[in-house]
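Okay, everyone, let me put this one up on the screen. Have a look at it and then I'll talk you through a few things.

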Amino acid sequence: MKTPLTALALALTATAAFAEYPDKPVEVVVGYSAGGGTDVMARTVAQFLEQELGDGASVVVKNIPGAGGQIGFTEVSEAAPDGYTLGTFNLPAALALTKDRAADYDVDSFTYLANFVEDPNTITVAATSPFQTLDELIDAAEADPGAITLGLSSLGGNDHFAANMMQDASGAEFTLVPFKGASNARTAIMGGHVAAGTMTLGQTSNFPDDLRVLAVLADERSPFRPDVPTAKELGYDVQMSSLRGIVAPAGLDEATTDRLRAALSAVNENPDFQAMMAEQGNPIAFMVGDDFAETASKQDGIAARIWAETPWK
Amino acid sequence: MYSDLLHALPDVFAWTNFAAVVIGVIAGIVVGAMPGLSATMAISVLVPFTFGLEPLVALGLMAGIYNGAMYGGAIPAVLLRIPGTPAAVATTFDGYPMAQKGEGGFALQVAVVSSSIGGIASAFALMLLAPPLSKVTLLFGPSEVFWVAVFGLASIIFLLGGNPIKGLISACFGVFVSVIGSDPIYGNDRFTFGQLEMLDGINIVILLVGLYALPPVIDLLETPLKTDGVNSSKLGTEPIWKALPRMNYWKTWLRGSFLGIWIGILPGAGGSMAAFMSYNEARRTSKHPETWGEGEPEGVAAAEVANNADTASALIPALTLGIPGTAVAAVMLGGLLVHGLQPGPMLFRDNPDIVFGFMWQFLFGAILLVLLGGSLATNSFARLLNLPRPLLGSVIIVLMLIGVYSIHGRMFDVYLMLGFGAIGWVMDRLKFPLPPVVLGLILGGFAEENLRLALRIGRGDPMVLFQNTTSLILVALTAAVVVGPTLKKRFIDSRKKA
């Protein structure tokens, strides 16, 4: 049933390649509700992508929220690879959920166009916490395994993986407390209901007086908080982050892929775009094409490994 | 703490935001005046449509509707002895006798002025109490929130009045619905039947629209209302500024406001209970209790001031802790969430202009009530009762379908809503109360999630639930709510015997 449809789609794509792409609106599917971080990014990218595609092109954002983004990711993976359906892609979430439940797509179901945002995870405590450094926190966790509670937003996401990798690297044992969403976890940290927590740097940025960021789990210090050391500097080689990019269904023809990658690269180089993203507090980590695909498959590997070692459900 | 309050004021007067309140009040009076249609229903049908609006426009509409509907319910209560909303039952006691005596116009004027006073008092309570409360909510960790949820569930079952067993069954149904979807800790699927659409659980707005809007619409279409009795020319209306000096119910207004505000803050009880308590207290302390029930304007004042005084105050726990005390507050929370506004301490910090603007809108909604409901249009609102009901019913059904579809853009939700509507209709017929279902869904979810988080923090030791004063106070309050009514009954029984 699917094969003739795919063949038809391919045939259409071939003809479409001759016509001027795009000759109808391009849809960007967002797997989350309007107003969230991913949605805001999608709308910003869409606005500049319209300019780059030129010739009155129209790029429309379509929100298909549900099941932690899964409904939207599935929609993109199953769409015709004609360049008219793109989607936002969140790593590691989009691929992590293919491990812990049945999903109709995997890492090979997409054409990786470009990643825009990379927000590194942090280890964070309340400003009133007795722990001044990451080492103090880890010493306490080693002294009484499990006594240090670590708040995070839901299992099977970047927070959970960050906590897991931190435990592996340090040999300390934390009690993981998965809240519903980062804001609940953050409130619990601020209220002292958990000893520490992990969330992305962006999620800490509005609360400089209430939170103390002990370390950022990235290769390099963040330009947003150059005062915060990386975990690597402190002797724990851990990198984890939340990435947001743009993908298309697998099987997108080369001409359109190149066209879109070039357009998205041009979007990234636009100073207005950079300014807008900075204003939204979105740390840009632009990766195009194969670099992005490689990151995706690396993230897929991390999720698969953690799922195999310590399945969370 | 209160400087944000003043800061939010200019936005409220942006013409779109102000117009939203005006339209909301008028729509609220209309909805409240239609017997069977409640504020909860109107707001839940509205919520999906507010998605594309600016937050303050959407919230202004809601605040206006809530205030308007609480008064609107008095119109058929006075003219036909049919309470337009459940909260207006106590208004019929003296309102209808007044109408029979040809004082219907005055009764409605007393109702609108009292409603407005109650609403103003409530808005002030919200403005004064919510900001300091939002500061202490950081003290509420998982174990405290768990107890708040348990307290809320206990109060809704035992304080709602009527049959506690039926209340319990309704609440259990709500709690069951809260279990649907992926579990809050591990994400295991529960009762989803493999449907991705069910993985996030049941959206509160879908449940509310089905439960609160479908049964009354079916009723509306089933029972043609005889409205021959309404002859608005015989209302005996005089201009409201002439009627005002005849209203001297300051004690009743004050007492009713306090009762309404307090009952609004408590989870579970709502406008109807506030109105009854205020009416009884006012009669008990009256110098001439024998005239009550025979057309005593003060009785109308007592009922109407209290059922409006619980409106804004019901939002105090909702905005600060995210735990709604009444079904209407639950719908409003749904409205906030639609706009990405997460209730809790961060709401006041991240979106002060919106949350404080919303409070102002409550205040202006209450003030506008006098202008719109009182002086201009009492007569025209009374004529509303003659609207063709099949037309009205079909319009509401269409709005429900479009609204629910637009939440996620999928038909699945529409079928889900119709399913809940059918359940709601059966429950309504069997006289099962509906608010416990809604609060069971919300509070049940809170209770489960926070119990499990608390136990995880305590590494499995249940004593973590009793480790601090806030938790212990909440445990004591819950015990009082559960045991209190039984003890009171025993006490009364033993006195009867003696």
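So, the contact between the chains: 26 residues come from chain A and 24 residues from chain B, where two residues are in contact if their C-beta atoms, placed from the backbone, lie within 7 Å. On the chain A side, α3 (70–78), β6 (175–179) and α7 (182–190) each supply at least two residues; helices are DSSP runs of H or I, at least four residues, and strands are runs of E, at least two, numbered from the N terminus.

Before I go on, this is a predicted model: local features need pLDDT of at least 70, side-chain atom pairs count only at pLDDT 80 or more, and totals for chains, interfaces and linings use all residues. Residues are numbered from 1 along each chain as its sequence is written, and chains are lettered from A and ligands numbered from 1 in the order in which they are written.

Now chain A as a whole. We get 11 helices and 10 strands. Its radius of gyration is 20 Å, close to the 20 Å from the globule rule for 313 residues, so chain A is as compact as a globular protein of that length. That radius is taken over C-alpha atoms, and the rule is 2.2 Å times the number of residues to the power 0.38. Along its principal axes, the C-alpha trace of chain A spans about 65 × 45 × 30 Å. And for contacts in chain A between residues at least 6 apart in sequence, 77% join residues at least 24 apart.
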